[in-house]
Amino acid sequence: MAPESEAPTTGGADPLTRRRLLRRLRRVMGAIEQRQRVQELGYGLLVAALAMAWPASSPYAGGGEAALRLNGAEEVITQGLLYPLGSGLVGTVDGMDGDSAIRLIAALCLGGAFTLTLAFLRGLGFRRTASLPASITAFAAPFSWIGATSPIDYAPGMFGASLLLWSLFRQSQDTQRGYQWRAIVCFGVAFMLHMELVLLVPATAWAVARHPEYRREAQITAFSVVAVLLMSIAIGLAGPSESLRVDHLVTRTLAGAEGPSPSAWLGWLVAAPLGFGAGLFGIYQLLIAQRSVEAKRAPVWMVAWCLPFLAPIVAGSPELAPISPYLIPAGALGLADWLNRQGSSSREARLGTVVALAQIGLTAALVLTR
């Protein structure tokens, strides 16, 4: 880690001087915090602009129900927020069709996910020399980039996952049980943006149960979170054609839910490493790689966050790619953690730049050959 500058001592100052120094320090820290937030928002807007300027020439087709229905295919089932958001754009912007509306929402969600990822990495104490290249690398993966520039709900899924991860790592709470209810609300938004995020129910409950203020009643807390989330999902699925809605949820969550298939597993051996790129290396560094005794490991609930990645691989087909949008911000966290363990900020920046450029080059090559 880079050496820290020595803080000025105020032991000999009178109380009035100490209060003035503390107020001045708070103003400086507030200004720095505000500048970092503006930078993160700027980076997110830049990513969104790039996604709108350079869409994939051969977009993914899976999960495009909202665009199909907006273009007139009324028999297509859609669930969640993407269709009403797209419908609002189509109805208010002249000349906008369903594909264009969903692409615009996807690009904005990609930028929002990038901003939120930088925000929770900053909250964890990572330097910009680690968090920025790590986020660029993870979000430049083919699944992320092609998915975000396709008229599907993958980028909204990344935004929902990043929002939930930001909430779970931000343990401060202003009201009683504020952390728990914030996690529940953020999960609800995430699920409404991308149905596959239902696989994060165990991770959300585990994270909330491990909050320092809830550990005495951890089991009850976890059960209450699971109960509220599953009840909300059940209410959303209820109504006309309930069985069809449930089947649709299972199909989307498990990448087709065709059942175990050795041929599909062979396809995933190529599709998953290429689709996630260096992000899987970040997951390995986050959960499995050896580290020194002083290096802090990721919270154990991150295992429940990353492990559902195997569910669509075991039961689905790579033809419905992309999958697991929640792995993108987790991959950024793992890459930032790996870069942080390299030592100095200059070494972080050098390694991060190399990895980010390599990932961008791989994605560009795959986009051009699709």
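**Close-up 1. Arg252 and its salt bridge to Asp153.** In this predicted model, Arg252 counts as buried, at a relative accessibility of 16%. Its partner in a salt bridge is Asp153, and the closest N and O atoms of the two residues are 2.9 Å apart. Distant parts of the chain are linked by this pair, for Asp153 sits in the loop between helix 6 (142-148) and helix 7 (154-169), whereas Arg252 belongs to helix 11 (residues 242-253), 99 residues apart. Asp153 is likewise buried, with a relative accessible area of 8%, a value that lies under the 20% limit and therefore places the residue in that class.

**Close-up 2. The salt bridge between Arg122 and Glu40.** Arg122 and Glu40 form a salt bridge in which the closest N and O atoms are 2.5 Å apart. Because Arg122 lies in helix 4 (residues 98-123) and Glu40 in helix 1, the pair ties together parts of the chain that are 82 residues apart in sequence. Arg122 is buried at a relative accessible area of 17%, and Glu40 is also buried, with a relative accessible area of 2%.

**Close-up 3. The salt bridge between Glu40 and Arg128.** The side chain of Glu40 also meets that of Arg128 in a salt bridge, with an N to O distance of 3.6 Å. Here too the pair links distant parts of the chain, since Glu40 is in helix 1 and Arg128 in helix 5, 88 residues apart. Arg128 counts as partly exposed, at 23% relative accessibility, while Glu40 is buried. Through shared partners, salt bridges join Glu40, Arg122 and Arg128 into one network. The model has a count of 7 salt bridges.

**Close-up 4. Thr137 and the backbone of Pro133.** Thr137 is part of helix 5, which spans residues 128-139. With a relative accessibility of 1%, Thr137 counts as buried. A polar atom of the Thr137 side chain lies 2.7 Å from the backbone oxygen of Pro133.

Conventions
Residues are numbered from 1 along each chain as its sequence is written. This is a predicted model: local features need pLDDT of at least 70, side-chain atom pairs count only at pLDDT 80 or more; totals for chains, interfaces and linings use all residues. Side-chain values use heavy atoms; hydrogens and water are left out. Helices (H or I, at least four residues) and strands (E, at least two) are DSSP runs, numbered from the N terminus. Buried means under 20% relative accessible area, exposed over 50%, partly exposed in between (1.4 Å probe, protein chains only). A polar contact is a pair of N or O atoms within 3.5 Å; within protein, one must be able to donate a hydrogen and the other to accept it, and residues adjacent in sequence count only if both atoms are side-chain atoms. A salt bridge is a side-chain nitrogen of Lys or Arg within 4 Å of a carboxyl oxygen of Asp or Glu.
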